[in-house]
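Here are my notes on this entry, for your review. Please read them with the coordinates open.

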Amino acid sequence: MAVVVFAFGCKKDEETEQVVPTTGPTPYTLVIPQGLPPMQIPADNPLTVEGIALVKSCFTIRYFQVIIRSHVRAATSHIADSLIYYRILWELTAFQEEEILCLLSTWDGSLDSFWDGGAADIESQVLGPIQNPLELHETLENVVSKLSEHSEYPALFKAAFETDEISIVHVMRAIAQFERTMVSGNSRYDQYVRGEASLTPLELQGLDLYSDMMKGDCNHCHVLGSTFSDFEYRNTGLDSLSPDLGRYYITLLESDMGKFKTPSLRNIAATPPYMHDGRFWTLKECVEHYNTGFHYAANLDGNLAMAQKGRMTDQEMDAIVAFLLTLNDDEFLNNPAFRPE
């Protein structure tokens with residue numbers, strides 16, 4: 001869970017402790033849960049109390065609602081850009097929202113973001129949902145204009161960025177700051193690893209099958225523990241000929257056709273539908289795909305190409321699903337810091 005540390009710059013002499021006043025936004029210290037890697041935060045966009053509070057306040061504005069929802073969805077959820085499913089945050093509008101999962105792109109943000117790697121980092125990733133005709137269908141100029149004319153937000157932007165002029169760069173940086181605080185690392189599995197909780201016999205069987213190369217073999221892509229992803233792009237045989245070319249749109253390499261980034265499995269039960277195009281609604285369907293349903297595409301991931309179809313029984317697939325349910329982090333999903341006031 002993120003922890004806010006108010007840094008006041010203290011100096012202590014022999015008799016009293018003097019507080020030295022500081023100017024500018026207040027630094028925000030992010031505490032990374034045990035087992036997760038350090039997060040690389042760009043030097044030109046440090047986390048601040050004011051920057052994060054700005055976006056939290058802006059959840060009352062539809063622009064920020066949809067930008068955040070679409071941004072997170074495209075980064076790490078299992079919903080295609082072509083589907084208008086706003087199923088990631090809270091019930092802020094007429095759309096039914098789901099809880100947010102761990103933001104994988106906060107660690108992969110120095111690399112490519114989106115399913116196909118079409119954004120350089122999570123700051124620039126903000127731009128896509130604003131201009132996409134299936135999402136906001138808006139211009140950057142209009143977003144800035146509406147925020148600048150609002151009665152409250154210019155003051156919040158000034159507190160966060162020390163400027164009287166709102167720019168799209170400020171919008172990008174504020175949203176990225178907020179998203180970097182959305183860190184999940186206290187699931188029952190995490191507690192089990194730390195010796196704080198136990199798993200049931202079925203969940204333990206699922207854990208074994210998850211890593212068994214002759215059974216689930218999930219570990220090659222969704223690396224066990226930490227982020228539960230290898231950050232690679234893979235064709236998982238959803239179709240013999242993929243109607244969505246995925247990574248190919250970015251690299252123009254035939255070897256990248258139908259490849260998509262490996263998502264995190266943290267909080268996976270909270271984020272249906274699954275796969276990049278939302279074709280599966282249950283985790284059992286997903287496991288069944290990797291057991292018997294995958295197609296032998298020309299560039300099928302090598303691990304699947306060597307896998308024997310039908311290698312798992314129905315009971316074994318149920319055990320893997322039971323283990324996946326231990327990756328839900330209820331503390332994170334119900335964290336008031338990520339809910340509108």
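Predicted model: local features only at pLDDT ≥ 70, side-chain atom pairs only at ≥ 80, totals over all residues.

1. Cavities. The whole structure contains three cavities of 30 Å³ or more.

2. Lining of the largest cavity. By class, 19 lining residues are nonpolar, eleven are polar and six are charged. β4 (260-261), α11 (283-293), α12 (302-305) and α13 (314-325) each supply at least two of the lining residues. The largest share, four residues, comes from α11.

3. Helix α5. In α5 (residues 140-148), the buried residues are Leu140, Val143, Val144 and Leu147. Seen down the axis of α5, they fall within an arc of 95 degrees, so they line one face of the helix.

4. Aromatic pairs. The structure has six. One of them joins Tyr189 and Phe323 edge-to-face, at 5.5 Å centre to centre and 90 degrees between the planes. Tyr189 is in helix α8 (residues 188-193) and Phe323 in helix α13, 134 residues apart. Tyr189 counts as buried at 7% relative accessibility, and Phe323 counts as buried at 0%.

5. A further partner for Phe323. Tyr210 and Phe323 also pair edge-to-face, with 5.3 Å between centres and 65 degrees between planes. Tyr210 lies in helix α9 (residues 201-211) and Phe323 in α13, so this pair ties together parts 113 residues apart in sequence. Tyr210 is buried, at 0% relative accessible area. Ring pairs link Tyr189, Tyr210, Phe228 and Phe323 into a cluster.

6. Charges over rings. Arg247 lies over the face of Tyr233, 4.3 Å from the ring centre. The charged end of Lys309 sits over the ring of Phe294, at 4.8 Å from its centre.

Note on methods
Residues numbered from 1 in each chain as written. Heavy atoms only, no water. 1 Å grid on protein atoms, 1.4 Å probe; cavity = no way out; pocket = protein on both sides within 12 Å on 5 of 7 lines; lining within 4 Å. Points joined across faces, edges and corners; volume = space filled by probe spheres on them. Nonpolar A, V, L, I, M, F, W, Y, C, P; charged D, E, K, R; others polar. Buried < 20%, exposed > 50% of the residue type's maximum accessible area, 1.4 Å probe, protein only. Arc of directions from axis to C-beta. Phe/Tyr/Trp six-rings, centres within 6.5 Å; stacked < 30°, edge-to-face > 60°. Lys NZ or Arg CZ within 6 Å of the ring centre and 35° of its normal.
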